[in-house]
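Hello,

I am passing this structure on to you, with some notes on what turned up in it. Have a look first, then read on.

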Amino acid sequence: MRKEYIYKRFERFWHWSQASLIIFLSLTGFEVHDSIHVFGYNNAVMYHRVAAYLLLGLIVFAIFWHFTTGEWRQYIPTFKKLKDQLRYYSVGIFKNEPHPTNKSALHKLNPLQVLTYLSFKFVLIPLVVFTGILYMLHKHIDDNSIVVISNIPLDSIAIWHTFGAFMLITFLIVHVYMTTTGETVTSNIKAMITGYEEFEPGEEEEKESKKKPTLAS
Ligand code: HEM
């Protein structure tokens, strides 16, 4: 078994706080939308705004962390082994075949995860954040005490924001399923809690260890 420190402290904090904020924003957002009733409408509006500011702050810190630590390189897309990874999730996994890519601190994401997380970071989150900010600024009082109403119809902002919310919830459900496809059902989740993950030697590692000279040879 190989044990490796994969997720750093900030990364784990960022992951779990982002997940909690998105779940809380879904709860309060869908109360504003009148789909559920948990906190009461006025509280839901207030909580949604506070959580939105916290998420914006977290996003700023996460961007800073990725660039100062060089971790942004984890997201450089590659098509190498992408087909193998797709085949693994659709066929290989049900036949107990080995993972086609090896996970390590330097390569935390497989090629399919890289593409998925890039769309999450560059399409989905910006859609919800951008429409959320437009929603917030739609009617506000400017420095001259004049009420400013944006030209964009509130209906369109709300529809795009809610569409983004549905997509985020879909992402969350698929993401939770995918976390169970590691070495064991819980190994990925444990790694995101403790930072450490244990791996069976992959095919490539086995080949490497066979090449290494032993005392007997
Ligand atoms: C920084 C991120 C976000 C900002 C700035 C933001 C902002 C807002 C604002 C201003 C509203 C109108 C209610 C109010 O006045 O408070 C709203 C509604 C809503 N938000 Fe967000 N939000 C954000 C993230 C999210 C997320 C992550 C979700 C769910 C995954 C979400 C789901 C909703 C929903 C469903 C509504 C109700 C839309 C409607 O029916 O009009 N929001 N949001």
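The lining of the second largest pocket has 20 nonpolar, 8 polar and 2 charged residues (Ala, Val, Leu, Ile, Met, Phe, Trp, Tyr, Cys and Pro count as nonpolar, Asp, Glu, Lys and Arg as charged, and the others, Gly among them, as polar). This is a predicted model: local features need pLDDT of at least 70 and side-chain atom pairs pLDDT 80 or more, while totals for chains, interfaces and linings use all residues. Residues are numbered from 1 along each chain as its sequence is written, and side-chain values use heavy atoms, with hydrogens and water left out.

That pocket is lined by 30 residues, and nearest its centre lie Gly29, His48, Gly132, Tyr135 and His161. A pocket here is an open set of points on a 1 Å grid over the protein atoms alone, where a 1.4 Å probe fits, with protein on both sides within 12 Å along at least five of seven lines; lining residues have an atom within 4 Å of a point. Helices H1 (9-32), H2, H4 (111-137) and H5 each give two or more residues to the lining of the second largest pocket (helices are DSSP runs of H or I with at least four residues, strands runs of E with at least two, numbered from the N terminus).

Now to the iron atom of the ligand. Its protein donors are His48 (NE2) and His161 (NE2), lying 2.0 Å from it; donors are N, O and S atoms within 2.8 Å of the metal (3.2 Å for Na, K and Ca), and water is not among the atoms, so sites may look incomplete. His48 belongs to helix H2 (residues 41-69) and His161 to helix H5 (residues 154-179), so the pair ties together parts 113 residues apart in sequence. His161 is buried, at 15% relative accessible area (buried is under 20%, exposed over 50%, partly exposed in between, with a 1.4 Å probe and protein chains only).

Finally, the aromatic rings: the whole structure holds 12 aromatic pairs (rings of Phe, Tyr and Trp, its six-membered ring, with centres within 6.5 Å; planes under 30 degrees apart are stacked, over 60 edge-to-face, the rest tilted). One of them, Tyr5 with Tyr196, is tilted, at 4.9 Å centre to centre and 45° between the planes. Tyr5 sits in strand S1 (residues 2-5) and Tyr196 in strand S4 (residues 196-199), so this pair joins parts 191 residues apart in sequence. Tyr196 is partly exposed, at 42%.

Best wishes
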